[in-house]
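Subject: Structure for you to look through, with notes

Dear colleague,

I am handing over the structure that I have been looking at, and I would be glad if you read the notes below with it open beside you.

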Amino acid sequence: MSPILVTRPLLPDVDALCQGIRDIYDRRILTNNGPNHQELERRLKGVLGGREFILFNNGTIALMAALSALSLEPGSEVITTPFTFAATAHAITLLGLKPVFADIDPTYMTLSPEAVEKYITPRTSCILAVHVYGYPCDTTGLQRVATANNLALVYDAAHAFGTVVDGRHIGEFGDASAYSFHATKLFSTVEGGGVSFNRSDPAMRARDYRNFGIRSEDHVASVGLNGKMSELHALVGLLSLDAYQEEMAQRARIGEVYRAILANSDLVKCPIFPEHATSSHQYFPIRVPGRESVDAALKAQNVLARRYFHPLVTDYDCYRQDFQSSDYPNAVAAGAEALCLPYHSGVTLDDAERIARVVIESVENISNLSSKEL
Ligand code: T4K
């Protein structure tokens, strides 16, 4: 029996894909702002919001483009979360900026505005917050801190495709929001990414960044790289735009099964979504004591959940000499307890029931064992 993985790529209809590839063959325009690229960029702006939307070839380059386009002081400090994927902090470091970490909110696991305030110095130029698992950050609190201290505010929205907060699309917050359209994401172009900008000047610089700084055959404006999405990737994106909402609906049904069964244990915490926001259904993170045993019990049943985000970024070899994870107790707790359960349409409702029962059983075993030890 093949394993049940934490996520499964959403693939477009293969006949539609073949037809789209035939069209690309006929045109022989494979990349560099071709027609599929232009249409996808236009349509994603409608889904994600913001004043301008720019496609990139992956989420990490998108994040680097967002930060780079804000012209932050070289070597300045960017305050971010230790509870995230490697790309968030690495994007800062690769640009010659310095990541500084602040703790997260204990419930939603996103960067805490109050914690950010503690780390602001004259060298701080930007806040980079992550809508982790698609839970929207405290956008009001973070904007207040950014405005009061004259800091740029960027969101890593890799998990937040389609999230709406207070009736506003996720790309409408902060100066910029960067997305990942990687194969593991709800909406995918296989590899891909994008940035929503709410100001025009940085958007223009990000377009330059994407194409070697080239504005025309006679004019290179700045240092840039190759961040362009190919026509084949954009085609997958266009076709996936017709499919992701059905995938979201199926994930919501799986989530209901998980919640109904996991509610039988006080020890398992299911995702709590803020009432004023919609979910991106990117991940289904639970928090459990004895997470390693629960993960092992699932593995024994061929269910490969994932411990996103363990280890914390502050425990990576490249950052730990400068930071102490114990300074971020809420992140340490989340990093030790969070487990993302399989959440995609390849999980049947029966699978979801079985997975939830394994979690409950294994948590109860741990709790019985520890009460015997007492
Ligand atoms: N910011 C944040 C907050 C992010 O989470 C990410 C990426 C980024 C920025 C950067 O965006 P990108 O530059 O990647 O566009 C995966 C993804 O590779 C990564 O995109 C994602 N976050 C991260 C959370 O997850 P891994 O190391 O966990 O991937 P891997 O290969 O172990 O796959 C995860 C699961 O998906 C496995 O169970 C296998 C399954 N899978 C994977 C692939 C690639 C498939 O079934 N099919 C596939 O094609 O990083």
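A residue is called buried when its relative accessible area is under 20%, exposed when the value is over 50%, and partly exposed in between, with a 1.4 Å probe and the protein chains only. Tyr133 is buried by this rule because its relative accessible area is 1%.

Please keep in mind that this is a predicted model, in which local features need a pLDDT of at least 70 and side-chain atom pairs count only at pLDDT 80 or more, while totals for chains, interfaces and linings use all residues. Residues are numbered from 1 along each chain as its sequence is written, and side-chain values use heavy atoms, with hydrogens and water left out.

**The ligand and its surroundings**

The ligand is surrounded by 24 residues, and the closest of them are Thr60, Asp156, His159, Ser180 and Tyr308; a residue is counted as near a molecule if one of its heavy atoms lies within 4 Å of it. Sorted by class, this shell holds 10 nonpolar, 11 polar and 3 charged residues, where Ala, Val, Leu, Ile, Met, Phe, Trp, Tyr, Cys and Pro count as nonpolar, Asp, Glu, Lys and Arg as charged, and the others, Gly among them, as polar.

Which polar side-chain atom lies 3.1 Å from a nitrogen atom of the ligand? That atom belongs to Lys185, while an N or O atom in the side chain of Asp156 is 2.7 Å from a nitrogen atom of the ligand, and a polar side-chain atom of His182 lies 3.4 Å from an oxygen atom of the ligand. The ligand taken alone exposes 920 Å², of which the protein buries 74%; such areas come from the Shrake-Rupley method with a 1.4 Å probe, and for residues only the protein chains shown count as cover. A polar contact here is a pair of N or O atoms within 3.5 Å; within protein, one atom must be able to donate a hydrogen and the other to accept it, and residues adjacent in sequence count only if both atoms are side-chain atoms.

The space that the ligand takes is the largest pocket. A pocket is found on a 1 Å grid over the protein atoms alone, as an open set of points with protein on both sides within 12 Å along at least five of seven lines, and a molecule sits in it if more than half of its atoms lie within 2 Å of its grid points.

**Helix α3**

Helices (H or I, at least four residues) and strands (E, at least two) are DSSP runs, numbered from the N terminus. Two helices, α3 (59-69) and α4 (86-94), each supply at least two residues of the shell around the ligand. Of the 11 residues in α3, 9 are buried, and among them are Ile61, Leu63, Met64 and Leu67. At the start of α3, a side-chain oxygen of Asn58 comes within 2.9 Å of the backbone nitrogen of Thr60, and after the helix comes Ser71, which has a positive phi near 50°.

**Backbone features in the loops**

Most residues other than glycine have a negative phi, and most peptide bonds are trans. With this in mind, please look at the following places.

Tyr133, in the loop between β5 (124-130) and α6 (139-148), has a positive phi near 65°. His281, which is not a glycine either, has a positive phi of about 50° and is placed in the loop between α9 (244-262) and β13 (284-287); His281 counts as buried because its relative accessibility is 18%.

The peptide bond from Tyr308 to Phe309 is cis, with omega near 10°, and another cis peptide bond joins His310 and Pro311, with omega about -5°. Phe309 is found in the loop between β14 (303-304) and α11 (329-337), and the loop between β14 and α11 also holds Pro311 and Arg307. Is Arg307 buried or partly exposed? Arg307 counts as partly exposed, because its relative accessibility is 30%.

**Two further residues**

Ser293 lies in helix α10 (residues 291-300) and is partly exposed at 40% relative accessibility. Ile170, in the loop between β8 (168-169) and β9 (176-180), is buried, with a relative accessible area of 1%.

With kind regards

Conventions:
1 Å grid on protein atoms, 1.4 Å probe; cavity = no way out; pocket = protein on both sides within 12 Å on 5 of 7 lines; lining within 4 Å.
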